[in-house]
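Me: I would like to learn how to read a few features of a structure. Please take them one at a time.

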Amino acid sequence: EIDSLFLKYPALNKGLVERKWVEKEFSEVNPWTIKVADHCNLGCSYCYENAMPVSKKMSSDTATRIIEEMLSLNQDYYEVLFHGGEPTLNLPIIRYFVTEINRRLPSSSTVSFNMHSNLFHYPDEMRNEIKALGIRIGTSIDGIESIHDQQRIRIGKRDGSYKKVRANLENSEVKNVILTITRNNQSALLQAAKHFVEDLHLDKFHFLPLMPHGRANVQSLLPDLDVMLSEMLLVFDYILELFSQ
């Protein structure tokens, strides 16, 4: 139960309950998650999309309508998240989004751009452009190499993506990683947390449980709640120990 969790971890109680953001009124629509492509260059076992060899990408006309809808709300702050599929497969429309929003944005408003990429294909010229556009980038890693490669495999292949993703991670400004919790890695979350901190030197990571949506086989991959929560308590202990050092 949540109450017993906070009793065990008073530091979390103070950090999550007493901080001012709890009292904040969320009056703005954020983030704006923009799915610029519905296809991918990976075929992850649990993905809600079916990886397809035929590309379907957002057009500039659709992008323009989204931008107009966004800016019509006259928000003080906009957070844009480019997503997919794999968003880097439609880099021209991302470039268009950033250019147009920056051109049309009133001086009274600010905007931040983020992108979640699998980082499987991330050559230097792409990395340099993403950085020049001011886009912060995050990626997905599901644990150590052997566990990650069980789930995040190349489309049409049986080999995993870990080696290429890690190489591109270490050659970029990525500091944020998402791990999807499934039945395959639910007992290795502490191992993953240590890997992220001690081997990959990440500043931030998120663990997100797999939800029962998407492909037909996803039900067999859903994590066991008791196992997942027990392992997450070990992760909390590890993180609190890091902060106490």
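Reply: Start with Gly84, which lies in the loop between β2 and α4; helices (H or I, at least four residues) and strands (E, at least two) are DSSP runs, numbered from the N terminus. This is a predicted model, where local features need pLDDT of at least 70, side-chain atom pairs count only at pLDDT 80 or more, and totals for chains, interfaces and linings use all residues. Residues are numbered from 1 along each chain as its sequence is written, and side-chain values use heavy atoms, with hydrogens and water left out.

Me: Does Gly84 count as buried or exposed, and why?

Reply: Buried means under 20% relative accessible area, exposed over 50%, and partly exposed in between (1.4 Å probe, protein chains only). Gly84 counts as buried because its relative accessibility is 1%.

Me: Which residues does Gly84 touch, not counting residues up to four places away in sequence?

Reply: Contact means heavy atoms within 4.5 Å. On that basis Gly84 touches Lys35, Ala37 and Tyr48.

Me: How is the packing of α3 and α4 described?

Reply: Two packed helices are described by the angle between their axes and the distance between the axes. Axes are lines fitted to C-alpha atoms, for helices over the stretch in contact, and angles run from 0 to 180 degrees between N-to-C directions. Here α3 (residues 60-71) and α4 (residues 91-104) pack at about 35°, their axes 10 Å apart.

Me: Which residues of α3 and α4 meet?

Reply: Among them are Ala63, Ile66 and Ile67 in α3, and Ile93, Tyr96 and Phe97 in α4.
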